[in-house]
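Please look over the protein shown here. The report below covers salt bridges, helix packing and model confidence.

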Amino acid sequence: MNLARRAAPPTDALAPPAHLAAYVDALGVDGAIRFLLEFGGAEVWLGVAPGARSRVARLLGAERAAALAALPLPRRVPLGKPWIARVWRERDGLPVAEIARRLHASDVTVRGWLKAAGPAAPAADPRQPRLL
């Protein structure tokens with residue numbers, strides 16, 4: 001599966017935590033989520049010139065895999081489940097139960113992650129004039 005088009009950068013509400021920012025900058029939000037779900041929690045060797053047998057290159061494409069290899073990343077890929085849950089909830093509107101199934105976590109855990117992230121910023125009401 002090649003991720004040819006780069007996704008739009010995340011909004012401030014969905015900005016990734018620092019340990020995931022490099023992945024999101026290089027791959028976009030959707031590409032980073034796919035990469036984290038596939039390789040999160042495991043040690044991954046990222047070659048500068050990935051071959052056809054590379055699982056990373058098969059998922060992302062050779063160019064993006066090489067771009068990741070050029071970054072100073074830890075060998076063990078972070079899980080990023082709380083951030084992924086927040087993206088799926090706020091951007092995609094997925095129910096908590098579906099997020100829990102996709103992340104292999106309990107609904108209680110997902111609710112805790114979403115609660116810890118805080119409420120989403122309410123949309124500005126166009127009828128309300130700006131204060132300053």
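## Salt bridges

A salt bridge is counted where a side-chain nitrogen of Lys or Arg lies within 4 Å of a carboxyl oxygen of Asp or Glu. By this rule the protein has 8 salt bridges. One of them joins the side chains of Asp30 and Arg91, with an N to O distance of 2.8 Å. Asp30 belongs to helix α1 (residues 18-39) and Arg91 to the loop between α4 and α5, so the pair ties together parts that are 61 residues apart in sequence.

## Basis of the model

This is a predicted model: local features need pLDDT of at least 70, side-chain atom pairs count only at pLDDT 80 or more, and totals for chains, interfaces and linings use all residues. Residues are numbered from 1 along each chain as its sequence is written, and side-chain values use heavy atoms, with hydrogens and water left out.

The pLDDT is the predictor's confidence in each residue, from 0 to 100. Its mean for the protein is 84, and 86% of the residues reach 70 or more. Over residues 1-9 the pLDDT is below 50, and this stretch has 22 contacts in the model beyond near neighbours in sequence; contact means heavy atoms within 4.5 Å.

## Packing of α4 with α5

Helices are DSSP runs (H or I, at least four residues), numbered from the N terminus. Helix α4 (residues 81-90) packs on helix α5 (residues 96-103) at about 140 degrees, with the axes 10 Å apart. The axes are lines fitted to C-alpha atoms over the stretch in contact, and angles run from 0 to 180 degrees between N-to-C directions. That makes α4 oblique to α5; angles under 35 degrees count as roughly parallel, over 145 as roughly antiparallel, 65 to 115 as roughly perpendicular and the rest as oblique.

Lys81, Ile84, Ala85, Trp88 and Arg89 of α4 meet Val96, Ile99, Arg102 and Leu103 of α5.

## Packing of α4 with α6

α4 also packs with helix α6 (residues 107-117), at an angle of about 80 degrees and with axes 9 Å apart. α4 is therefore roughly perpendicular to α6. The contact includes Pro82 and Arg86 of α4 and Trp113 and Leu114 of α6.

Conventions. Helices (H or I, at least four residues) and strands (E, at least two) are DSSP runs, numbered from the N terminus.
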